Protein chains: 2
Amino acid sequence: MISGGDRMAQVDDNDDASRDASTPRDTGTLGKLMVLLDLVTHSDAPLRFTDILALAGQPRGTLHRQLGHLVEEGLLEIDAEGRYAPGLRLLDLASRSWARNEFRLIAAPHLAALHRETGETVHLGVLRGSSIIYLDKVEGHQPVRMYSQIGNASPCYCTGVGKAALSVLTADKLSELLRSLHFNRFTSATHMNAETLLAEIRDIVSVGHAYDREEHEAGIRCVAAPIWSDDRSFIGGVSVTGPAYRLSMELLQAWAVPVQMTARKIMDEMRIRLGPRR
Amino acid sequence: MISGGDRMAQVDDNDDASRDASTPRDTGTLGKLMVLLDLVTHSDAPLRFTDILALAGQPRGTLHRQLGHLVEEGLLEIDAEGRYAPGLRLLDLASRSWARNEFRLIAAPHLAALHRETGETVHLGVLRGSSIIYLDKVEGHQPVRMYSQIGNASPCYCTGVGKAALSVLTADKLSELLRSLHFNRFTSATHMNAETLLAEIRDIVSVGHAYDREEHEAGIRCVAAPIWSDDRSFIGGVSVTGPAYRLSMELLQAWAVPVQMTARKIMDEMRIRLGPRR
DNA sequence: AAATAAAGTTCCAAATAATGGAATTTTTCG
DNA sequence: CGAAAAATTCCATTATTTGGAACTTTATTT
């Protein structure tokens with residue numbers, strides 16, 4: 001179906017919990033096209049027309065015209081074998097979106113400072129639905145594969161930034177989100193139900209920071225602090241991440257202070273630059 | 001403020017020469033929505049409803065619903081003041097598009113090698129219409145601002161990769177593209193007409209590499225080599241870029257060899273991995 | 001604080017674009 | 001070459017979008 005030979009072990013969390021397949025979208029023609037765009041971008045190899053036909057379950061004629069429109073607009077591309085892949089227009093649109101993002105611009109110098117202080121990778125993320133979208137990253141001197149993280153949508157229930165973000169949701173929004181979650185096991189430490197997750201969130205609320213104890217990726221730990229606007233319409237977080245062999249839980253605990261201070265500084269500046277209510 | 005008196009000719013063709021110039025955009029509802037998305041992402045500040053109303057020249061009711069759909073799908077976002085900005089969903093889509101791009105994956109190790117050899121910034125770009133879209137970048141040890149370059153669309157007539165790409169277009173495609181170009185002065189060295197550009201392209205064809213002599217940005221030089229598929233359905237390029245004070249034209253000339261060799265290696269591997277025809 | 005203006009939102013008959021089943025063409029493969 | 005699969009085109013029907021106007025909310029002025 002979805003292409004036979006999948007070489008390279010594309011490590012992918014997939015899961016897209018922020019949008020539920022069962023919930024129909026009420027955005028008319030655009031919604032239907034975005035479903036297709038998601039289908040193609042979430043696949044890990046280009047899809048042939050027939051593959052998409054099977055996945056989308058639409059009439060041939062309809063699907064053909066829809067894909068044609070997406071290609072025409074550069075959102076999809078057809079390769080030499082007639083298979084559909086994500087289009088480069090997405091890159092152009094996204095680079096503009098990223099370059100001007102106010103939150104990222106405000107946070108950038110503080111992320112750099114936190115990186116200097118800890119020497120480990122620093123992440124900035126935003127809560128969107130039930131996913132964390134990483135907006136920025138400051139890391140060491142390895143040949144960086146930045147896009148591998150920036151723009152990536154990861155589940156909120158197994159990342160430091162995600163759990164920190166959940167801890168500042170209003171009670172009703174939190175329970176609503178918890179109800180809609182479906183859990184995916186990434187490691188043996190991944191939360192697999194709302195009860196244990198909620199219990200940890202209560203702890204996070206009281207201490208003001210969250211840990212990822214190898215819950216998303218084996219061997220990777222992090223400590224994170226939430227960032228939120230006064231009216232909670234905007235929620236994100238900042239984290240310091242690294243390999244477990246180098247980052248003991250004690251060390252992470254010590255870093256909780258600078259991480260929280262970084263979050264605080266970013267929030268202070270947001271109030272100045274974006275106004276106090278938001 | 002943004003919108004001054006610039007009432008943007010609707011079918012401005014922005015940059016896509018790959019689209020047949022004679023046929024107007026015929027992607028129905030999607031096409032209309034993409035015009036709006038472009039409007040908002042190309043602005044350099046969030047736009048209010050009324051700003052967009054003036055720019056798009058559509059009836060209030062229509063525009064309102066269209067923007068609503070774009071917001072609903074996460075392609076646009078509304079900030080606290082009710083202004084429209086590019087949405088984060090674009091980042092998620094783009095990161096997937098980038099992560100799986102075969103050309104980039106093939107080229108990556110060769111870019112790294114070229115960077116090691118020269119010590120300067122290496123770029124990988126693809127010709128899209130009359131723009132170069134940068135797909136990857138390898139640079140020094142500064143805190144990297146990758147998105148600032150990756151995904152960026154730059155004009156083909158004033159960048160090294162762009163001119164290198166033009167040099168491998170078929171004669172008819174080249175003249176078609178040259179006809180559709182409108183030139184924008186970035187520096188005193190920027191080509192401002194098709195004649196001088198075409199003259200330089202002839203030189204590039206004969207030597208196999210192109211220079212950017214501070215034509216896009218003052219103080220920045222580069223040397224680039226084209227990369228193309230046998231059937232010319234795919235055209236891009238690789239370059240080494242740096243500050244003019246450090247990169248004399250003599251040094252760039254010396255680097256033309258490794259840059260061309262890098263391009264050659266990438267093309268060889270493309271033939272193996274993607275098949276010889278394409 | 002009331003009046004006024006501007007911005008934003010909702011409504012619904014008419015216009016337009018999308019739909020989908022089937023026919024047709026092209027490509028692939030034995 | 002011939003058969004099967006895949007991709008593409010066609011067009012009457014159906015659903016979505018359209019756009020003018022009425023309406024509500026927010027900002028500005030007196």
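This is a predicted model: local features need pLDDT of at least 70, side-chain atom pairs count only at pLDDT 80 or more; totals for chains, interfaces and linings use all residues.
Analyst: A residue is near a molecule or strand if one of its heavy atoms lies within 4 Å of it. Residues are numbered from 1 along each chain as written, chains are lettered from A and ligands numbered from 1 in written order, and side-chain values use heavy atoms, without hydrogens and water.

User: Which residues are closest to DNA strand C?

Analyst: A:Thr62, A:Arg65, B:Thr50, B:Arg60 and B:His64 are the closest of the 17 residues that surround DNA strand C.

User: What makes B:Thr50 and DNA strand C a polar contact?

Analyst: The term needs a pair of N or O atoms within 3.5 Å; within protein, one must be able to donate a hydrogen and the other to accept it, and residues adjacent in sequence count only if both atoms are side-chain atoms. An N or O atom in the side chain of B:Thr50 is 2.4 Å from a phosphate oxygen of DNA strand C. That is within 3.5 Å, so the pair qualifies. A:Thr62 reaches a base nitrogen of DNA strand C, with a polar side-chain atom 3.2 Å away.

User: What part of DNA strand C do the atoms within 4 Å of the protein belong to?

Analyst: Sugar or phosphate accounts for 73% of them, and bases for the rest.

User: Which helix supplies the largest share of the surface near DNA strand C?

Analyst: H3(A) does, with five residues. Helices are DSSP runs of H or I, at least four residues, and strands are runs of E, at least two, numbered from the N terminus.

User: Why is A:Arg128 with B:Glu77 called a salt bridge?

Analyst: A salt bridge is a side-chain nitrogen of Lys or Arg within 4 Å of a carboxyl oxygen of Asp or Glu. The closest N and O atoms of A:Arg128 and B:Glu77 are 2.4 Å apart. Chain B and chain A have four salt bridges between them.
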